[in-house]
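Let's take a walk through this chain together, with the model open beside you. Have your viewer ready to pick out single residues as we go.

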Amino acid sequence: MGNYILILLLCQYLLITSEFCLGEELPGSAKCIDEERRVLLTFKHHLTDPSGRLSSWSSGDCCQWNGLSCDNQTGHIVKMDLRNPYPYSLNDYEWDFMDYQQSCLSGKINPSLLSLKHLYYLDLSWNDFRGIHIPNFLGKLTSLRYLNLSYASFSGEIPHFLGNLSNLNYLDLDNSRLSESIDVTLASKNLNWLSHLSSIKYLNLGRVNIGGVGVSWLHYVNMLPSLLELHLSACGMDSNQLPLSLPTLNFTSLSVLDMSENSFNSSIPSWFSNLTSLRTLDLHDNSFIGPIPNVLASFKNLKHLDLSVNQLEGQIPKHIGNFCTLETLNLAENLFEKEGKLHKLQYLNLDRNSFFGSIPESIGNLSSLRELILSTNLLKGSIPEVLGQLSQLVVLDLSQNFWEGTLTESHFKSLTKLDTFAIGTDRPMPLIFNVTYDKLPPFKLHDISIVNCLVGDAFAVWLQSQTNLSAVTLSGTGLSGIPEEWLLKISSRVDYLDLSNNQIQGKLPFQSKFPNLSRLDLSRNQFSKSIPLNFGQLMPNLRMLILSDNHLGGTIPPSICEIQLWIISLSNNQLSGEFPRAWSLWTEIDVVDVSRNNLSGNIPSSMGIPNSLAILKMNNNNFGGKILSSLKNCSRLSRLDLGDNKFYGNLPSWIGSKVTLRILRLRTNSFSGHIPHHLCNLIGLHVLDLAQNNFTGTIPKCLDNMTSMGSEDPIDTWDFYDFVEQTTIISKGRELEYSSNLELVKSIDLSSNNLEGEIPDEITSLIALGTLNLSRNHLHGNIPSNIGNLSSLETLDLSHNHLFGEIPQSLSSLNYLSHLNLSYNNFSGRIPSGNQLRTLVDPSIYEGNPSLCGFPLSTKCPGDDEPTSTGKLPAQENDDEDGNGKLGLYVSVVLGFIIGFWGVCGTLLMKKSWRHAYFRFFDNIKEKIIVAIAVKVAHLRGHL
C-alpha cells in the first residue's frame, strides 16, 4: 500500500513540473513590458538585416527574442547582444567572409533605445554601420555597465557624453574593420571624458586617432585606478606622446597593456617598471630603439610579451629567462644578435632578426613549447634532433636560414601535435629531407612549407600520409612528379599550393575540382601539353595563377575568364592563338603577364578591359594593332610592357594624363610620330624604353618633370602580393633581367629611332638615372656640359649620331660609369681623363670620331710631342714620375723585408723558449707528414 501512495505522490510532482515546463508561469518570472516591446520594434525598423537575424522580433514575448535578455523579476530589457555571429578570428580556418558580411546589421541606431532605462549591456560589435557617428544619446544610458561598439565601422568624433556613463566597467571602441570599401576614421581630440569613467576596468580605443591629444591621454588614464586592461593599438601616437618617466602611476593594477602599432621611435619608458601586475604586454611595431631595458625584470607575472617589429638591438637580457610564468614571447623583426636564457615558454617567435650560429641542444628543455618560430635569420649548421622531443609543439617554422645536413624521422619523433611545419634555406638545396619508406610521421599537418631542400625518393610516401593539408609549399625540392592520389585527397580542402622550381613533367595534374584553392604556383617546372579547357570550372575560387616558365602549349582556355583572378602569370611558355576576349570579366585583376609566348592578334577590347589592371605584360609575342584607348580607364596601371611585338601608330596622349606608370616599355615595335610631351607628367616613371621604333622629332625638354628619376627614394607600393616581376633592361651593352630589385632601376632608352635635334640640358637633372641610351638616332649638337650631374649613371650610349664638339670634362666625375659608347659621331679635341674614365680603356668607345685624340686612342693630340715651358718633353715628365714611383716601390719593399725578417727572426734569436717552441712545432708537423705518407703507401701496397 505504501508503494502505491509513493507512486501517486511522484505522479503528482511530475504533473506539476510538466505544467511549469509547458508554459505555466513560474514564481518570480516576468514577461516583456509592452512599451519596451514597441521601442524594440521601432529600433529594428531603422536597421538593415540582410540575414534575418532579427526575424524573431515580431510577435510573442520579446524576452524570448534573439539577442535580448530580461530581468526575471521586473521584465525590463537589461541586455541587448547584437554582435555579429561570425566575427573574424585569426586561426579560424572555417571562417567565411561572405557569411560575416551577410550577417552584418547596418542602418541607424534609433534614440528610442533611451526608453530602455534598465539596459546595462549593449553589444553592437562586428556589424557595419558604414561610417555613421556614434550617437550622442548613448551617453544618457546611465545604467550601462558594458558597451561594445568595436569593428562596427563608426566614424567621426567620439561623443564626450560617453563620460556620463559612470557605471561603465567595459568600453570597447576598437575601430579596426575587415572591409576597406568605406573610409571610416574614429577620433577623439580631447580625452577629458575618460576621467569620469571611474568604474572602468576594460578600455579599448584601438585604431581611434588620438594623435592630437598630446601627453594628456596619460593624464586621464592615470585617473582610472580600477583599470585592468588598456588597448591603445594603432592610435596614431608618436614619441611626443610617450614620456620616458612619470612621477606617479595610479593604474598599477593593470594586467593587460597593448600599445602596439604606433610610432614612438624612442626607448621603452622606465615607468613601465611600476606595472608589476602585468600579464600581457604588447608593444609590437612601435619603432622602439636600443636594448630591452632592465625595467622589464619587475614583471614577475608576465605571460605574454610581444616586442616584435621594432629596432631593439643587442642581446636578449637574461632576466627574461627568469619569467617563470611566460608563455608567449615574440621578438620577431628586431636587430638582436645573440640568444638569451629562456625557460618554460609556450610561444617563442624570433622571426626576422640577426641570430646566427646553430640551434642550441638546450632548446629541448622547453618541454611546454607549442610554437617555435626562428624564420628569416642567419642560423646555420645542422638542425638538432632534440627538436623531435618537443611533444607539445604545434608550430615549427625554421624557414629562410642557412641550414645544412639531413632531416630524418628522428627530428619528428614525438611531434604528435604538429600542425604547421616550415623549413627552408636561402641557398639551393644544401639541406636533405631524408625519410624512409617504412616510417610514417606521427602527425597530420595543416600547413607544410619546404623550400630549397632536396627530398628523397621515399618523400612521396611520407607526403601521401598528409591528407589534411590546406597550405602546401614544396619549392626547390627536386620533385619530379606529384602523387595524383594524394592530390585528389587534399583537393577538397587545400587553398594554397606552391610546387614551383622543381622538375615535374607531363600535363597539369588536375582532373578533379579544387573548390577552395585560392593560389596555385607551378612555375619553373617542365609541364607540357595544354591547359585543360575546363580549368575555370575546376578552380572556381582561384585568385592567383602562376604557371610561368614551363613548356605549356595550345591556347589559353576561355574558361579561365570565369575565375575572379587577382594575378595571372603564364609567361615564358609556348602558348599560341589569341588572348581570351572575355578577360573583361576579371573585375578585380591586378596583374596580367603573358609575356614570352607565341600569342597573336590584337589586344581584345570588344567586351572591354579590366579597369583594375595594375601590371600588363604582353611583351615578346606577336600581338599587333594600336595601343587600346580603353587602357586610359585603368587608373591603377603602373607597369605597361608591350615590347617586342608588332604594334604600330602614335603614342596616345592619355599616357601621362590618365595613368601613373612606373614602367613604360614599348621597344621593338613599329610606333611612329613624335614622343608626346604628356610623358613628362609621369613623375613616378622608373623605366622609359621606346627603343627600336620609328619615332621622329626631338627629345622632349620636360623630362626633368620625371621626379622619380631625380630622386634616390624607392617606391613604397611596388609589389603586388608575392608576384615576382621580371623585366628585361638593355644596360651595360647587354640584356639584363631584373626582378626583386626592379624598383631600384632608373633607365631611359630612346635608341634606334629617327630622333633629331639636341640633347636637352634638362635631362642632366635626373640624378638618379642609371642608364641613358640615345644611340642610333640623328641627334646633333654638343653633349650638355653638366652631364657630370648624372651622378648615378652606369651606362651612357650616345653612339651613331651626329654629335660634335669636345667631350665635356665633367664626364670624368661619373664615378659609377662602367659602360660608355661615344663612337661614330663628330667629336673633336682631347679625350677627358681622370677618375672613372681611366678604367675605360677600350679604344672602340671613341672610334668613328676622326678628330678625337689622346688616351686611349693611338692618335696623339697636338703638343703631346712638343717641349713644355720647362724645356722637357711631356713624355720625359712621365718618365720622371715613373722613376719616382719605382724608387718609392723599391724603398717600400726593402723596408718591409727588414721589418718582417727581423720582427720574426730577431725575436727567435733573443728569446730562447720561443725559439725551442718554434722548431719543435715544425718537427711535429714533419713527423705527422712522414707517418701519413707511410700509412698511405702501406694501404696502396695492400691493394696491390
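The paragraphs below go through the disulfides, then a sheet, and then a serine in a loop.

A word on ground rules comes first. This is a predicted model, in which local features need pLDDT of at least 70 and side-chain atom pairs count only at pLDDT 80 or more, while totals for chains, interfaces and linings use all residues. Residues are numbered from 1 along each chain as its sequence is written, and side-chain values use heavy atoms, with hydrogens and water left out.

Let's begin with the cysteines. A disulfide here is a pair of cysteine sulfur atoms within 2.5 Å, and by this rule the count comes to 4 disulfides. Counting the bonded cysteines along the protein chain, the pattern of links is 1-2, 3-4, 5-6, 7-8.

Go to cysteine 32 and cysteine 62, whose sulfur atoms lie 1.5 Å apart in a disulfide. Cysteine 32 sits in the loop between helix H1 (2-21) and helix H2 (34-45), and cysteine 62 in the loop between strand E1 (47-48) and strand E2 (68-70), so this pair ties together parts that are 30 residues apart in sequence. Helices (H or I, at least four residues) and strands (E, at least two) are DSSP runs, numbered from the N terminus. With 85° about the S-S bond, the link of cysteine 32 and cysteine 62 is right-handed.

Next, look at cysteine 63, which a disulfide joins to cysteine 70 with an S to S distance of 2.0 Å. Is this link left-handed or right-handed? The torsion about the S-S bond of cysteine 63 and cysteine 70 is about -100°, so the disulfide is left-handed. Cysteine 63 counts as buried at 12% relative accessibility, and cysteine 70 is buried too, with a relative accessible area of 16%.

Cysteine 680 is in the loop between strand E45 (670-674) and strand E46 (687-689), and cysteine 702 is in the loop between strand E47 (694-696) and strand E48 (727-731), so the pair links distant parts of the chain, 22 residues apart. The link of cysteine 680 and cysteine 702 is right-handed, with 70° about the S-S bond. Cysteine 680 is buried at 1% relative accessibility, and cysteine 702 is buried at 18%.

Now turn to a sheet. Its 5 strands form an open sheet in the order E51-E53-E55-E57-E58, with parallel pairing. Strand E51 (756-757) and strand E58 (851-853) stand at the edges, each with a single partner strand, so one side of each is left without a neighbour in the sheet. Two strands pair if DSSP finds at least two bridges between them; strand E57 (residues 826-830) is joined to E58 by 3 bridges, and the two run parallel. To see this pairing in place, find serine 828, which stands opposite serine 851 in E58.

Our last stop is serine 571, in the loop between strand E36 (567-569) and strand E37 (576-578). Serine 571 is buried, with a relative accessible area of 9%. Which residues does serine 571 touch, not counting residues up to four places away in sequence? They are Ser548, Asp549, Asp593, Val594, Ser595, Arg596 and Asn597, where contact means heavy atoms within 4.5 Å.

Terms used:
Buried < 20%, exposed > 50% of the residue type's maximum accessible area, 1.4 Å probe, protein only.
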